[in-house]
Amino acid sequence: MDRTKGFGSGDAKSIAHLGITGMPNETLIRRIAELKGIAEPVNFLTPAMEKGVDYENRISELLPGATHNPKFVSKRLSRDEYEIRNHIDYESVTSKVVWIELKTSIKSLEHNFNAYKEQLAWHYMLLKERAGVMRSELYLVVVNPNTEGIEKLRVDFGLLTYELNAIKKGLELLPAVWG
């Protein structure tokens, strides 16, 4: 993923923190420095992440018509200095827009949902803009690499209200932190 042009779902937890506390954390300060070209981006890929990419590629073969890792840039939230965007794992557009966020983990669906609430709220927020007047659905899918078991959850607004509000407030405060 290109992380040099703007803020994505990986930054959602830091932006939510800004919205809750009114203060940027060290991670957000570092990301801003990376985006401004002051600090070198930190790119890392762990063996677990590599396995997740492998699962993403394998699952994309099972979803004909779905787009794997499409980029969406918010016209409403982006600024001249930076984009607000994401790369969802899968997008399917028919009479509705469906986004799927895939996690490869030995931990439960509930654990993954709680661990990635801010990221899911970010996806949810951008999905609503992407879909416009069309219906939309967001799913969290967890694949256990040991058993190849699959669990899924349809993510609705009510599950993410606190995180969505924190992110929206953080995005309002972000220009002042950007400087």
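Let me start with Trp122 in this predicted model, where, once neighbours within four places in sequence are left aside, Trp122 is in contact with Phe7, Gly8, Ser9, Ala12, Ile15, Ile84, Arg85, Asn86, Ile167 and Leu171. Two of these partners come up again when we turn to the largest nonpolar core, which has 35 residues, and in which Phe7, Trp122, Ile167 and Leu174 are the residues with the most contacts. Several elements each supply at least two residues of this core, namely the helices α1 (12-21), α2 (26-35), α4 (109-115), α5 and α6 (161-178), together with the strands β6 and β7. Among the contributors it is α5 that gives the most, with eight residues. Besides this core there is a second, separate one of nine residues, which includes Val98, Ile100, Leu102 and Val141.

Now to the sheet. It is an open sheet of five strands, in the order β2-β5-β6-β7-β8, and its pairing is mixed. At its edges are β2 (67-68) and β8 (150-155), each of which pairs on one side only. Where does helix α5 pack, and which strands does α5 touch? Helix α5, residues 117-131, packs on this sheet and touches β5 (90-93), β6 (96-104), β7 and β8, while the direction of α5 makes about 160° with that of β6.

Finally, let me look at one strand pair in detail. Strand β7, residues 135-143, pairs with β8 in the antiparallel sense, over six bridges, and Val142 stands opposite Glu151 in β8. In general, the strands of a sheet pair through backbone hydrogen bonds, and they may do so in either a parallel or an antiparallel way.

How values were computed:
Residues numbered from 1 in each chain as written. Predicted model: local features only at pLDDT ≥ 70, side-chain atom pairs only at ≥ 80, totals over all residues. Heavy atoms only, no water. Pairing = 2+ DSSP bridges. Helix = DSSP H or I, 4+ residues; strand = E, 2+ residues; numbered from the N terminus. Contact = heavy atoms within 4.5 Å. Axes fitted to C-alpha atoms, helices over the stretch in contact; angles between N-to-C directions. Core = buried A, V, L, I, M, F, W, Y, C linked by side-chain atoms within 4.5 Å. Buried < 20%, exposed > 50% of the residue type's maximum accessible area, 1.4 Å probe, protein only.
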